[in-house]
Amino acid sequence: MGNVTATRPLQPWTAPTASDPVSASLRLPGSKSMTNRALVLSALAAGPSTLSLPLRARDTELMAAALRAMGAHVSIADDDRWLVRPHRLFGPAQVDVGLAGTIMRFVPPVAGLADGQVTLDGDPSARTRPLGPLIEALRSLGVRVDTPASGSLPLVVLGTGRVTGGEVVIDASASSQLVSGLLLAAPRFDRGLVVRHVGPPVPSAPHLRMTVQMLRAAGAAVDDSTPDVWAVEPGPLTGRSWEIEPDLSGAVPFFAAALVTGGEVTLRGWPARGSAQPVERLRSLLQQMGAEVALTTEGLTVRGTGPVKGLHANLSDVSELTPALTALAMLADSPSVFTGVSHIRGHETDRLAALNREFTGLGADITESADGLEIRPRPLHGGVFRTYHDHRMAHAAAVAGLVVPGVELDDVSCTSKTMPEFPALWSALVTGKS
(Lines give C-alpha, C1' and ligand atoms only; values in the text may rest on other atoms or scores of the structure.)
Protein backbone atom coordinates (compact mmCIF):
# COMPACT_ATOMS: atom_id res chain seq x y z
CA MET A 1 0.00 0.00 0.00
CA GLY A 2 1.31 3.46 -0.78
CA ASN A 3 4.03 4.74 -3.01
CA VAL A 4 7.13 3.50 -1.22
CA THR A 5 10.43 4.95 -2.34
CA ALA A 6 13.01 2.35 -3.26
CA THR A 7 15.92 2.04 -0.86
CA ARG A 8 18.79 4.26 -1.98
CA PRO A 9 22.16 2.59 -2.65
CA LEU A 10 24.68 3.05 0.13
CA GLN A 11 27.46 5.51 -0.64
CA PRO A 12 30.47 4.97 1.66
CA TRP A 13 32.47 8.12 2.37
CA THR A 14 35.58 8.79 4.41
CA ALA A 15 35.19 11.98 6.43
CA PRO A 16 38.03 14.41 5.66
CA THR A 17 40.45 15.30 8.47
CA ALA A 18 41.38 18.95 9.00
CA SER A 19 45.07 19.85 9.13
CA ASP A 20 44.43 23.58 9.62
CA PRO A 21 41.77 25.78 11.20
CA VAL A 22 38.78 26.07 8.90
CA SER A 23 37.83 29.48 7.54
CA ALA A 24 34.70 29.84 5.45
CA SER A 25 31.74 32.04 4.62
CA LEU A 26 28.84 29.86 3.51
CA ARG A 27 25.34 30.28 2.18
CA LEU A 28 23.55 27.10 3.23
CA PRO A 29 20.23 25.77 1.91
CA GLY A 30 16.97 26.97 3.43
CA SER A 31 15.30 25.62 6.54
CA LYS A 32 13.42 22.36 6.03
CA SER A 33 11.03 23.23 8.85
CA MET A 34 10.17 26.61 7.35
CA THR A 35 9.97 25.30 3.78
CA ASN A 36 7.52 22.51 4.59
CA ARG A 37 5.34 24.72 6.78
CA ALA A 38 5.25 27.38 4.06
CA LEU A 39 4.27 24.76 1.48
CA VAL A 40 1.33 23.55 3.59
CA LEU A 41 0.09 27.06 4.44
CA SER A 42 0.40 28.10 0.79
CA ALA A 43 -1.59 25.09 -0.42
CA LEU A 44 -4.39 25.98 2.03
CA ALA A 45 -4.38 29.72 1.28
CA ALA A 46 -6.95 31.71 -0.67
CA GLY A 47 -4.43 32.92 -3.24
CA PRO A 48 -1.01 32.15 -4.72
CA SER A 49 2.23 32.21 -2.73
CA THR A 50 5.94 32.15 -3.46
CA LEU A 51 8.79 30.65 -1.46
CA SER A 52 12.10 32.49 -1.85
CA LEU A 53 15.31 30.47 -1.32
CA PRO A 54 13.50 27.31 -0.17
CA LEU A 55 15.27 24.08 0.65
CA ARG A 56 15.45 21.67 -2.28
CA ALA A 57 15.98 18.27 -0.70
CA ARG A 58 14.22 14.94 -0.42
CA ASP A 59 11.89 15.98 2.43
CA THR A 60 10.72 19.17 0.74
CA GLU A 61 10.35 17.66 -2.71
CA LEU A 62 8.21 14.89 -1.20
CA MET A 63 6.07 17.51 0.56
CA ALA A 64 5.59 19.39 -2.71
CA ALA A 65 4.65 16.11 -4.41
CA ALA A 66 2.17 15.26 -1.64
CA LEU A 67 0.33 18.57 -1.98
CA ARG A 68 0.42 18.31 -5.77
CA ALA A 69 -1.10 14.81 -5.56
CA MET A 70 -4.08 16.29 -3.69
CA GLY A 71 -4.69 18.99 -6.29
CA ALA A 72 -2.52 21.99 -5.40
CA HIS A 73 -0.34 23.49 -8.11
CA VAL A 74 3.24 23.46 -6.84
CA SER A 75 6.02 24.52 -9.18
CA ILE A 76 9.58 23.88 -7.97
CA ALA A 77 11.33 24.24 -11.32
CA ASP A 78 13.18 27.37 -10.15
CA ASP A 79 15.57 26.50 -7.33
CA ASP A 80 15.34 29.97 -5.77
CA ARG A 81 11.63 30.66 -6.13
CA TRP A 82 8.85 28.12 -5.80
CA LEU A 83 5.25 28.94 -6.72
CA VAL A 84 2.15 27.49 -5.04
CA ARG A 85 -1.37 28.03 -6.39
CA PRO A 86 -4.05 26.54 -4.12
CA HIS A 87 -6.83 24.46 -5.59
CA ARG A 88 -9.69 22.33 -4.33
CA LEU A 89 -8.16 19.31 -2.62
CA PHE A 90 -9.32 15.88 -3.71
CA GLY A 91 -8.50 12.19 -3.92
CA PRO A 92 -7.68 9.55 -4.75
CA ALA A 93 -4.08 10.45 -4.03
CA GLN A 94 -0.96 8.51 -3.13
CA VAL A 95 1.51 10.24 -0.80
CA ASP A 96 5.08 9.06 -0.26
CA VAL A 97 6.28 10.44 3.08
CA GLY A 98 9.79 9.03 2.69
CA LEU A 99 11.22 9.23 6.20
CA ALA A 100 9.97 12.77 6.86
CA GLY A 101 8.17 13.45 10.13
CA THR A 102 6.82 16.73 8.76
CA ILE A 103 5.03 14.95 5.91
CA MET A 104 3.60 12.06 7.90
CA ARG A 105 2.28 14.49 10.55
CA PHE A 106 1.38 17.59 8.52
CA VAL A 107 -0.36 15.90 5.59
CA PRO A 108 -3.08 13.78 7.33
CA PRO A 109 -4.97 16.84 8.69
CA VAL A 110 -4.75 18.42 5.22
CA ALA A 111 -5.97 15.16 3.71
CA GLY A 112 -9.04 15.40 5.95
CA LEU A 113 -9.95 18.54 3.96
CA ALA A 114 -9.65 16.69 0.66
CA ASP A 115 -12.66 15.14 -1.03
CA GLY A 116 -11.70 11.51 -1.45
CA GLN A 117 -9.18 8.92 -0.35
CA VAL A 118 -5.57 9.85 0.44
CA THR A 119 -3.12 7.01 1.10
CA LEU A 120 0.16 7.66 2.92
CA ASP A 121 3.16 5.35 3.17
CA GLY A 122 6.92 5.70 3.11
CA ASP A 123 10.29 4.12 3.79
CA PRO A 124 10.18 0.96 5.94
CA SER A 125 11.64 2.82 8.93
CA ALA A 126 8.85 5.40 8.71
CA ARG A 127 6.39 2.77 9.92
CA THR A 128 8.02 2.83 13.37
CA ARG A 129 7.59 6.58 13.95
CA PRO A 130 4.84 7.65 16.39
CA LEU A 131 1.57 8.68 14.74
CA GLY A 132 -1.05 7.25 17.11
CA PRO A 133 -1.92 10.48 18.97
CA LEU A 134 -2.46 12.36 15.69
CA ILE A 135 -4.64 9.60 14.27
CA GLU A 136 -6.79 9.52 17.39
CA ALA A 137 -7.07 13.31 17.39
CA LEU A 138 -8.29 13.32 13.80
CA ARG A 139 -10.79 10.56 14.53
CA SER A 140 -12.13 12.55 17.48
CA LEU A 141 -12.74 15.41 15.03
CA GLY A 142 -14.76 13.12 12.77
CA VAL A 143 -12.07 12.36 10.18
CA ARG A 144 -12.07 8.75 9.07
CA VAL A 145 -8.55 7.28 9.20
CA ASP A 146 -7.83 3.61 8.47
CA THR A 147 -4.55 2.19 9.79
CA PRO A 148 -2.91 -1.14 10.60
CA ALA A 149 -3.34 -2.45 14.12
CA SER A 150 -0.03 -0.80 15.02
CA GLY A 151 -1.56 2.64 14.48
CA SER A 152 1.22 3.72 12.16
CA LEU A 153 1.88 3.90 8.42
CA PRO A 154 0.51 2.94 5.98
CA LEU A 155 -2.67 4.90 6.63
CA VAL A 156 -5.68 5.96 4.57
CA VAL A 157 -7.55 9.22 5.16
CA LEU A 158 -11.07 9.22 3.73
CA GLY A 159 -11.80 12.92 3.46
CA THR A 160 -15.15 14.52 2.79
CA GLY A 161 -13.87 17.94 1.74
CA ARG A 162 -14.36 19.51 5.17
CA VAL A 163 -13.50 19.04 8.84
CA THR A 164 -15.86 20.40 11.48
CA GLY A 165 -13.12 21.15 13.99
CA GLY A 166 -13.72 21.99 17.63
CA GLU A 167 -11.56 20.85 20.53
CA VAL A 168 -9.13 17.99 20.79
CA VAL A 169 -6.93 16.59 23.57
CA ILE A 170 -3.61 15.05 22.57
CA ASP A 171 -0.44 13.72 24.19
CA ALA A 172 2.25 15.29 22.00
CA SER A 173 5.18 14.37 24.23
CA ALA A 174 6.62 12.21 21.43
CA SER A 175 6.85 15.08 18.94
CA SER A 176 5.85 18.72 18.61
CA GLN A 177 4.93 17.91 15.00
CA LEU A 178 1.78 16.20 16.27
CA VAL A 179 0.51 19.61 17.39
CA SER A 180 1.93 21.55 14.45
CA GLY A 181 0.22 19.28 11.95
CA LEU A 182 -3.18 19.98 13.49
CA LEU A 183 -2.57 23.72 13.82
CA LEU A 184 -1.46 24.25 10.22
CA ALA A 185 -4.75 22.93 8.83
CA ALA A 186 -6.95 24.34 11.63
CA PRO A 187 -7.90 27.68 10.00
CA ARG A 188 -9.65 25.71 7.26
CA PHE A 189 -11.75 23.69 9.75
CA ASP A 190 -15.36 24.92 9.98
CA ARG A 191 -15.08 25.80 13.67
CA GLY A 192 -11.32 26.23 13.86
CA LEU A 193 -9.56 24.20 16.51
CA VAL A 194 -8.48 24.17 20.15
CA VAL A 195 -5.62 21.75 20.87
CA ARG A 196 -4.93 20.79 24.48
CA HIS A 197 -1.77 18.86 25.25
CA VAL A 198 -1.95 16.50 28.23
CA GLY A 199 1.17 14.56 29.21
CA PRO A 200 4.90 15.09 29.64
CA PRO A 201 6.30 18.33 28.18
CA VAL A 202 6.11 18.81 24.42
CA PRO A 203 9.67 18.68 23.02
CA SER A 204 11.17 21.07 20.45
CA ALA A 205 9.18 24.09 21.64
CA PRO A 206 10.90 26.42 19.12
CA HIS A 207 9.30 24.46 16.28
CA LEU A 208 5.86 25.06 17.79
CA ARG A 209 6.64 28.77 18.06
CA MET A 210 7.66 28.68 14.39
CA THR A 211 4.30 27.11 13.50
CA VAL A 212 2.37 29.79 15.40
CA GLN A 213 4.51 32.60 13.96
CA MET A 214 4.01 31.39 10.39
CA LEU A 215 0.27 30.86 10.88
CA ARG A 216 -0.05 34.46 12.04
CA ALA A 217 2.04 35.64 9.11
CA ALA A 218 -0.49 33.92 6.83
CA GLY A 219 -3.37 35.75 8.50
CA ALA A 220 -4.54 33.16 11.04
CA ALA A 221 -5.73 34.17 14.51
CA VAL A 222 -3.86 32.00 17.03
CA ASP A 223 -4.02 32.22 20.82
CA ASP A 224 -1.16 30.42 22.56
CA SER A 225 -1.25 32.45 25.78
CA THR A 226 -2.25 29.44 27.91
CA PRO A 227 0.50 26.85 28.39
CA ASP A 228 -0.10 23.66 26.40
CA VAL A 229 -3.23 25.09 24.73
CA TRP A 230 -3.41 26.46 21.20
CA ALA A 231 -6.62 27.99 19.81
CA VAL A 232 -6.93 28.73 16.08
CA GLU A 233 -9.91 30.66 14.75
CA PRO A 234 -11.51 29.60 11.45
CA GLY A 235 -10.82 31.89 8.53
CA PRO A 236 -9.02 32.25 5.21
CA LEU A 237 -5.25 32.08 4.95
CA THR A 238 -3.53 34.70 2.82
CA GLY A 239 -1.24 33.88 -0.07
CA ARG A 240 2.06 35.67 0.41
CA SER A 241 5.78 35.69 -0.26
CA TRP A 242 7.73 33.53 2.18
CA GLU A 243 11.41 34.34 2.78
CA ILE A 244 13.00 31.07 3.90
CA GLU A 245 15.87 31.40 6.35
CA PRO A 246 19.04 29.28 6.10
CA ASP A 247 18.66 26.02 8.02
CA LEU A 248 20.09 26.55 11.51
CA SER A 249 20.14 22.83 12.35
CA GLY A 250 21.99 22.11 9.12
CA ALA A 251 24.53 24.81 9.96
CA VAL A 252 25.48 23.32 13.33
CA PRO A 253 28.04 20.81 11.97
CA PHE A 254 29.78 23.68 10.16
CA PHE A 255 29.80 25.76 13.32
CA ALA A 256 31.13 22.71 15.18
CA ALA A 257 34.01 22.59 12.70
CA ALA A 258 35.00 26.11 13.80
CA LEU A 259 35.15 24.98 17.45
CA VAL A 260 37.02 21.75 16.76
CA THR A 261 39.71 23.31 14.55
CA GLY A 262 39.99 26.74 16.18
CA GLY A 263 38.70 28.32 12.99
CA GLU A 264 35.87 30.59 11.90
CA VAL A 265 32.67 29.93 9.96
CA THR A 266 30.12 32.53 8.86
CA LEU A 267 26.60 31.58 7.80
CA ARG A 268 25.56 34.23 5.29
CA GLY A 269 21.99 35.36 4.82
CA TRP A 270 21.01 35.08 8.47
CA PRO A 271 18.16 37.46 9.40
CA ALA A 272 19.30 40.38 11.53
CA ARG A 273 16.31 39.99 13.84
CA GLY A 274 13.07 38.11 14.26
CA SER A 275 14.31 34.64 13.34
CA ALA A 276 11.79 31.81 13.53
CA GLN A 277 14.60 29.44 14.57
CA PRO A 278 16.19 29.08 18.06
CA VAL A 279 19.34 31.07 17.32
CA GLU A 280 19.74 32.47 20.85
CA ARG A 281 19.56 29.00 22.36
CA LEU A 282 22.19 27.75 19.91
CA ARG A 283 24.36 30.78 20.62
CA SER A 284 24.26 29.99 24.35
CA LEU A 285 25.14 26.31 23.86
CA LEU A 286 28.07 27.05 21.54
CA GLN A 287 29.39 29.73 23.87
CA GLN A 288 29.28 27.29 26.78
CA MET A 289 31.38 24.91 24.67
CA GLY A 290 34.00 27.60 24.07
CA ALA A 291 32.90 29.46 20.96
CA GLU A 292 32.59 33.14 20.19
CA VAL A 293 29.29 33.81 18.38
CA ALA A 294 28.48 37.10 16.65
CA LEU A 295 25.62 38.32 14.45
CA THR A 296 26.79 41.01 12.02
CA THR A 297 25.75 42.36 8.65
CA GLU A 298 27.82 39.54 7.13
CA GLY A 299 25.79 36.85 8.86
CA LEU A 300 26.05 34.55 11.88
CA THR A 301 29.72 33.88 12.73
CA VAL A 302 31.11 31.20 15.05
CA ARG A 303 34.78 31.24 16.05
CA GLY A 304 36.74 28.61 17.96
CA THR A 305 38.79 30.08 20.81
CA GLY A 306 40.66 27.08 22.22
CA PRO A 307 39.81 23.64 23.58
CA VAL A 308 36.19 22.52 23.27
CA LYS A 309 34.53 22.56 26.69
CA GLY A 310 32.21 19.92 28.09
CA LEU A 311 28.52 20.77 28.40
CA HIS A 312 25.75 19.82 30.81
CA ALA A 313 22.43 20.71 29.20
CA ASN A 314 18.80 19.74 28.76
CA LEU A 315 18.36 19.69 24.98
CA SER A 316 14.61 19.03 24.86
CA ASP A 317 13.91 22.25 22.98
CA VAL A 318 16.72 21.78 20.43
CA SER A 319 16.91 18.00 20.17
CA GLU A 320 17.89 18.12 16.46
CA LEU A 321 21.28 19.42 17.62
CA THR A 322 22.00 16.36 19.80
CA PRO A 323 24.06 14.34 17.27
CA ALA A 324 26.38 17.21 16.31
CA LEU A 325 26.76 18.34 19.94
CA THR A 326 27.54 14.74 20.90
CA ALA A 327 30.38 14.70 18.39
CA LEU A 328 31.66 17.97 19.84
CA ALA A 329 31.44 16.53 23.35
CA MET A 330 33.57 13.55 22.27
CA LEU A 331 36.34 16.02 21.42
CA ALA A 332 35.97 18.23 24.52
CA ASP A 333 38.34 18.68 27.45
CA SER A 334 35.81 17.57 30.09
CA PRO A 335 32.74 15.33 30.40
CA SER A 336 29.30 16.26 29.07
CA VAL A 337 25.78 15.21 30.03
CA PHE A 338 22.79 15.69 27.72
CA THR A 339 19.24 15.12 28.98
CA GLY A 340 15.65 15.71 27.89
CA VAL A 341 15.88 13.98 24.53
CA SER A 342 14.18 10.61 24.99
CA HIS A 343 11.86 11.53 22.10
CA ILE A 344 14.72 11.33 19.56
CA ARG A 345 14.53 7.58 19.94
CA GLY A 346 11.55 7.91 17.59
CA HIS A 347 13.29 9.96 14.89
CA GLU A 348 14.83 8.56 11.69
CA THR A 349 16.42 5.98 13.97
CA ASP A 350 16.76 5.59 17.72
CA ARG A 351 19.35 8.34 17.82
CA LEU A 352 20.46 7.80 21.41
CA ALA A 353 21.13 4.10 20.85
CA ALA A 354 22.76 4.78 17.49
CA LEU A 355 25.07 7.51 18.82
CA ASN A 356 26.06 5.26 21.72
CA ARG A 357 26.70 2.27 19.49
CA GLU A 358 28.61 4.03 16.72
CA PHE A 359 30.82 6.27 18.86
CA THR A 360 31.59 3.34 21.17
CA GLY A 361 32.78 1.57 18.02
CA LEU A 362 35.29 4.39 17.53
CA GLY A 363 36.58 4.01 21.08
CA ALA A 364 34.35 6.47 22.93
CA ASP A 365 33.40 6.25 26.60
CA ILE A 366 29.67 6.98 26.46
CA THR A 367 26.70 5.92 28.56
CA GLU A 368 23.15 5.92 27.27
CA SER A 369 20.47 6.94 29.78
CA ALA A 370 16.71 6.84 29.40
CA ASP A 371 16.58 10.41 28.10
CA GLY A 372 20.11 11.32 27.08
CA LEU A 373 23.82 10.59 27.01
CA GLU A 374 26.83 10.89 29.30
CA ILE A 375 30.10 11.44 27.45
CA ARG A 376 33.59 11.13 28.90
CA PRO A 377 36.14 12.25 26.29
CA ARG A 378 39.07 10.04 25.41
CA PRO A 379 41.11 9.46 22.21
CA LEU A 380 39.09 8.00 19.35
CA HIS A 381 40.20 5.88 16.41
CA GLY A 382 38.95 5.40 12.87
CA GLY A 383 36.42 2.85 11.77
CA VAL A 384 33.10 2.37 10.00
CA PHE A 385 30.32 4.61 11.33
CA ARG A 386 26.81 3.48 10.40
CA THR A 387 24.33 6.27 9.67
CA TYR A 388 21.05 4.29 9.69
CA HIS A 389 19.72 6.45 6.81
CA ASP A 390 19.83 9.39 9.27
CA HIS A 391 21.27 12.70 8.05
CA ARG A 392 22.06 13.91 11.58
CA MET A 393 24.11 10.77 12.27
CA ALA A 394 26.14 11.53 9.15
CA HIS A 395 26.73 15.08 10.38
CA ALA A 396 27.99 13.78 13.75
CA ALA A 397 30.43 11.41 12.07
CA ALA A 398 31.75 14.18 9.83
CA VAL A 399 32.47 16.39 12.86
CA ALA A 400 34.39 13.58 14.59
CA GLY A 401 36.31 12.91 11.39
CA LEU A 402 37.80 16.40 11.51
CA VAL A 403 40.31 15.19 14.12
CA VAL A 404 40.02 11.39 13.90
CA PRO A 405 41.53 9.97 10.70
CA GLY A 406 39.75 7.08 9.04
CA VAL A 407 36.11 7.70 10.08
CA GLU A 408 34.21 6.02 7.25
CA LEU A 409 30.48 6.65 6.92
CA ASP A 410 28.69 3.63 5.52
CA ASP A 411 26.27 5.94 3.67
CA VAL A 412 26.59 9.67 3.04
CA SER A 413 23.67 9.81 0.59
CA CYS A 414 21.28 10.02 3.57
CA THR A 415 22.28 13.71 3.85
CA SER A 416 20.13 14.33 0.76
CA LYS A 417 17.17 14.31 3.15
CA THR A 418 17.88 17.95 4.06
CA MET A 419 21.14 18.96 2.34
CA PRO A 420 22.14 17.14 -0.86
CA GLU A 421 25.19 19.40 -1.12
CA PHE A 422 26.59 18.33 2.26
CA PRO A 423 29.48 16.06 1.13
CA ALA A 424 30.78 18.65 -1.33
CA LEU A 425 30.30 21.58 1.08
CA TRP A 426 32.00 19.72 3.90
CA SER A 427 34.98 18.65 1.81
CA ALA A 428 35.41 22.21 0.54
CA LEU A 429 35.23 23.53 4.09
CA VAL A 430 37.98 21.22 5.29
CA THR A 431 40.26 21.71 2.29
CA GLY A 432 39.82 25.49 2.33
CA LYS A 433 38.19 25.64 -1.09
CA SER A 434 34.74 26.81 0.03
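Is S180 buried or exposed? I shall begin with that residue and then turn to a pair of helices. Please keep in mind that the model before you is a predicted one.

S180 lies in helix α5, which spans residues 177–185. Its relative accessibility is 0%, and since buried means under 20% relative accessible area, S180 counts as buried. As for its surroundings, leaving aside residues up to four places away in sequence, S180 touches R37, F106, H207, L208 and T211. With one of these residues, T211, the side chain of S180 also forms a polar contact of 2.7 Å.

The UniProt record, an unreviewed entry, assigns residues 18–423 to the feature "domain: Enolpyruvate transferase".

I come now to the helix pair. Two packed helices are described by the angle between their axes and the distance between the axes. Helix α1, residues 32–43, packs with helix α2, residues 58–69, at an angle of about 10°. Their axes are 10 Å apart. Angles under 35 degrees count as roughly parallel, and α1 and α2 are therefore described as roughly parallel to each other.

Which residues make this contact? From α1 they are K32, T35, N36, L39, V40 and A43, and from α2 they are D59, T60, M63, A64 and L67. Sorted by class, the contact comprises 6 nonpolar, 3 polar and 2 charged residues.

Methods
Residues numbered from 1 in each chain as written. Predicted model: local features only at pLDDT ≥ 70, side-chain atom pairs only at ≥ 80, totals over all residues. Heavy atoms only, no water. UniProt positions renumbered as here; feature names shortened; annotations may be inferred. Axes fitted to C-alpha atoms, helices over the stretch in contact; angles between N-to-C directions. Helix = DSSP H or I, 4+ residues; strand = E, 2+ residues; numbered from the N terminus. Parallel < 35°, antiparallel > 145°, perpendicular 65-115°, else oblique. Contact = heavy atoms within 4.5 Å. Nonpolar A, V, L, I, M, F, W, Y, C, P; charged D, E, K, R; others polar. Buried < 20%, exposed > 50% of the residue type's maximum accessible area, 1.4 Å probe, protein only. Polar contact = N/O pair within 3.5 Å; in protein donor to acceptor, adjacent residues only side chain to side chain.
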